[in-house]
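Look at the model below before reading on. The paragraphs take up confidence, then a pair of helices, then the nonpolar cores.

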Amino acid sequence: MAAQPGGGARAGVGAGVIRMLGLSKGFGATRALEGVSLDVAPGSFVALLGPSGSGKTTLLRVVAGLEGVDAGELWIDGRPALGLAPGRRGVGMVFQGYALFGHMTVAENIGFGLRVRGRGRAEVRATVERLLALVHLDGLGARLPSQLSGGQRQRVALARALAVEPRILLLDEPFGALDRQVREELRAGLKRLQQELGITTLFVTHDQEEALALADRVVILDRGRVVADLTPGDLVDGAVRGFAARFLSLGEPEG
């Protein structure tokens, strides 16, 4: 059974939008997370980087409420979050596979979360139009996902996640299925959007270049543990050592 923190806000927790304390999770004999503790500050862009099986996606799914934990605490906006349903955590999530509804138009996909929350037709329409412009898909609201390119579908998925005004945006390898040129265009657009909207963002990727180009912080995981918590400046200063240096193919700094 997942360990649940006590009720009420915890002193000091509100300083970061997300606080993870000793999160552990196993799947049978496999340990996916081992005592992960991490603070994510408001408005920051944090990349979770590591080899396959390091626990990146599991950690993201725990924050989203799609996975439970065996032990530990999770706080969002100063409140214990492990007992909250995904829809009550204030998060939006974008997956690599888009997960769009094929029978719905682009506009219907983007407005889906708002309709579920009982928002009025006029509000849904206005929000959808604003988001279509924001992700540069003006005029495509009546199309089906099958009529779009991969890059366009990914932008629809991003707009759908943003429609419910999440405090936190969770991205799981969102550009992994796209070709290099489209990926570079989308990640530049994502960074602009994130800075414009000030949304706290957790981004899972296996692409080191992508992580360093987008993130304020790069958190490297190995076998379910956080082994490095870096800023791009740490790479310039030669502060990266051990597994993180080897994983990033930097070699060990001298001294």
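The pLDDT is the predictor's confidence in each residue, on a scale from 0 to 100. This matters here since the model is predicted. Over residues 251–255 the pLDDT stays under 50, and the model has nine contacts for this stretch beyond four places in sequence. For the protein, the average pLDDT is 84, and 87% of the residues reach at least 70. Residues 1–15 have a pLDDT below 50; the model gives this stretch 31 contacts beyond near neighbours in sequence. Where pLDDT is low, the predicted coordinates should not be read in detail.

Next come two helices. Two packed helices are described by the angle and the distance between their axes. Helix H2 covers residues 106–116 and helix H3 covers residues 121–134. Their axes come within 9 Å and cross at roughly 125°. H2 is therefore oblique to H3. The crossing of H2 past H3 is right-handed. On the H2 side, the contact is made by Val-106, Ala-107, Ile-110, Gly-111, Leu-114 and Arg-115; on the H3 side, by Val-124, Thr-127, Val-128, Leu-131 and Leu-132.

Which residues of the largest nonpolar core touch the most other members? They are Ile-110, Leu-169, Leu-190, Phe-203 and Ile-220, in a core of 42 residues. Helix H4, residues 150–163, gives the most to this core, with seven residues. A second, separate core has 29 residues, including Leu-60, Leu-74, Met-93 and Leu-221.

Note on methods: Residues numbered from 1 in each chain as written. Predicted model: local features only at pLDDT ≥ 70, side-chain atom pairs only at ≥ 80, totals over all residues. Heavy atoms only, no water. Core = buried A, V, L, I, M, F, W, Y, C linked by side-chain atoms within 4.5 Å. Buried < 20%, exposed > 50% of the residue type's maximum accessible area, 1.4 Å probe, protein only. Helix = DSSP H or I, 4+ residues; strand = E, 2+ residues; numbered from the N terminus. Contact = heavy atoms within 4.5 Å. Axes fitted to C-alpha atoms, helices over the stretch in contact; angles between N-to-C directions. Parallel < 35°, antiparallel > 145°, perpendicular 65-115°, else oblique. Left-handed = near helix turned anticlockwise from the far one by under 90°.
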